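Here are my notes on this model, for you to check against the picture. Please take the points one by one.

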Amino acid sequence: MKKNKIYLLAAGLLFSLSGCNDYLDKLPDNRTTLDSPEAVTELLVSAYPNAIYHQFTETMSDLVGDKVEGPYVYDVPENRDAYLWNDHTTEDQDTPTYYWANCYEAIAHANQALDAINKAGNPEDYTAQKGEALICRAYSHFMLVNLFSKHYNPTTASSDMGIPYIEEPETVVFADYERGTVQQVYEKIERDLVEGLTLIRDDAYSVAAYHFTKDAANAFASRFYLYKGEWDKVIEHADKVLTGDPALMLRDWNGTYQSMSRGEIMAKMVSSTEKANLLLCSSNTVWARGYYIWRFSLVSEIKDKLFPGTWGTDPFGFAYRPSDAGYDSNHHIPKFDEYFKKAGGVNANIGYPMMMCPLFVAEEVLLNRAEAYAMNNDFGKAFEDLKSFHTKRTGNGAAPDITVDYINNIYTDTDLPYYEETYNAEAFYPIEGDEVNVIRFVLDLRKREFIHEGLRWFDIRRFNMEVVHMYEGSEMVLTKNDLRRVIQLPRQAIANGLPANPR
């Protein structure tokens, strides 16, 4: 594999909130103070990306349309680029370049912590911190490889271009890095994840919801192995999270959420006291204000298909409470709220728009396990998980009698509002017979549950689905083999030596 000498800070950190010169100036001083577990713990707060992928992955998916115009409908370049599957022209918040930069900055902090631990005279006192640093490093690399490289495919992963996996502290401006392969990146992610899981301790955190606890790390592992197609390991790690009755860990959409106002729901969705939230992360983003007012977002046609007007025991008639925030075109499920982080002290009048974001939730773990059971042809256990999911979303709290026949009927009854005529999933792992509609059912639950959160894009990639967008009266299709399914690397990273993704 060709090595490329790149200006790493330009490739990774140039567009972050702190400039590269400031970062280099501060790095040696910060390292000299990392002389206690408490100091390393404080540093690891910065080992989580201060950015989210939601805007561009959601907008590239099949969950949005073109509003064209309307009251409080805004056309912004980052939203338009994502909808048209263009290589992004901006580098601001909520763009791939911004996310790339913040992931590599988070990785740099994780590596700085690991370096300090390795040099400590008493490394056994830093066990929990080492575990968190390893899992943080694995997470940022995992998200990067699943955005800027092809999806993991065991037949091509050893030749598909990956992303640089950075394992050493950044102490020089110029360094030799290579993209490696998807296989190599996945192997390193798994190495860090497996070791980190043996080390982290929940009692090391003052507010556990903001860190990789055992549950959050196992949730991450369930997603990692789901994307890799190792179903038994998905189940193994999900089992460690979903002990007892899984329904008790889910958001109470058909209970307490029904009596809440829109604002109360948004606050509860990102609360550290919400038991469904396994990992929360504060991010610099305008997604909380943009996800329902930007031009390319949830439109009426898609909303009506996803969320029928009444909710009861129908398979998708859930109690999600769609809102329009007072304007007919601004359809959304209330999920996020913005807060303002002041710069320069409490009396400052400038700062950053921020949003608290759930990165891992119990619902994802449950649906990951249901899919893994279905892939193993263990439909009985898959249906048990799906019934648990439904008990917190149907009108009377009673899940329908989910069977193969029940699911098959959903996709043959053309009178149902959620019926879709075609289904174009095609994964590298074989899906046949009754598996087809069972997996389809799980994916349809996922796209409703995680709407506005950007996760649908990863399902589209791993099942190689086509996406159709309507734009100015024309139909645009992102085909199964379209090279734009892999996001282009930031222009500065390419300019400084990293090979670009093919176009």
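1. Aromatic pairs. The count comes to 34 aromatic pairs. The rule takes rings of Phe, Tyr and Trp (its six-membered ring) with centres within 6.5 Å; planes under 30 degrees apart are stacked, over 60 edge-to-face, and the rest tilted. A pair of aromatic rings is described by the distance of the centres and the angle of the planes. Take Y152 and Y186: their ring centres are 4.7 Å apart and their planes stand at 35 degrees, so this pair is tilted.

2. Where that pair sits. Y152 is in the loop between α7 (127-148) and β3 (174-177). Y186 is in helix α8 (residues 182-199). Helices (H or I, at least four residues) and strands (E, at least two) are DSSP runs, numbered from the N terminus. Are Y152 and Y186 buried or exposed? Y152 has a relative accessible area of 6%, so it is buried. Y186 is buried too, at 1%. Buried means under 20% relative accessible area, exposed over 50%, and partly exposed in between (1.4 Å probe, protein chains only).

3. How to read the model. This is a predicted model: local features need pLDDT of at least 70, side-chain atom pairs count only at pLDDT 80 or more, and totals for chains, interfaces and linings use all residues. Residues are numbered from 1 along each chain as its sequence is written, and side-chain values use heavy atoms, leaving out hydrogens and water.

4. Helices α9 and α10. Helix α9 (residues 214-228) packs on helix α10 (residues 231-241) at about 160 degrees, with axes 8 Å apart. Axes are lines fitted to C-alpha atoms, for helices over the stretch in contact, and angles run from 0 to 180 degrees between N-to-C directions. α9 and α10 are therefore roughly antiparallel. Angles under 35 degrees count as roughly parallel, over 145 as roughly antiparallel, 65 to 115 as roughly perpendicular and the rest as oblique. From α9, the contact (heavy atoms within 4.5 Å) includes Y225 and L226; from α10, it includes W231 and V241. The contact residues divide into eight nonpolar, three polar and three charged. Nonpolar covers Ala, Val, Leu, Ile, Met, Phe, Trp, Tyr, Cys and Pro; charged covers Asp, Glu, Lys and Arg; the others, Gly among them, are polar.

5. Helices α15 and α17. The axes of α15 (residues 379-391) and α17 (residues 435-449) come within 12 Å and cross at roughly 25 degrees. That makes α15 roughly parallel to α17. Which residues of α15 make the contact? They are F379, F383, L386, F389 and H390. On the α17 side, V438, F441 and V442 are among them. By class, the contact has eight nonpolar, one polar and two charged residues.

6. A residue in a strand. C357 lies in strand β7 (residues 351-361). C357 counts as buried, because its relative accessibility is 0%. Not counting residues up to four places away in sequence, C357 touches I52, H54, L279, L280 and C281. The C-alpha atoms of C357 and V270 are separated by 6.2 Å, yet these residues are 87 apart along the chain.

7. Positive phi. V68 has a phi near 70 degrees, a positive value in a residue other than glycine. V68 is in the loop between β2 (65-66) and α5 (77-83). At 51% relative accessibility, V68 counts as exposed. N377 is not a glycine either, and its phi is about 65 degrees. N377 lies in the loop between α14 (362-375) and α15.
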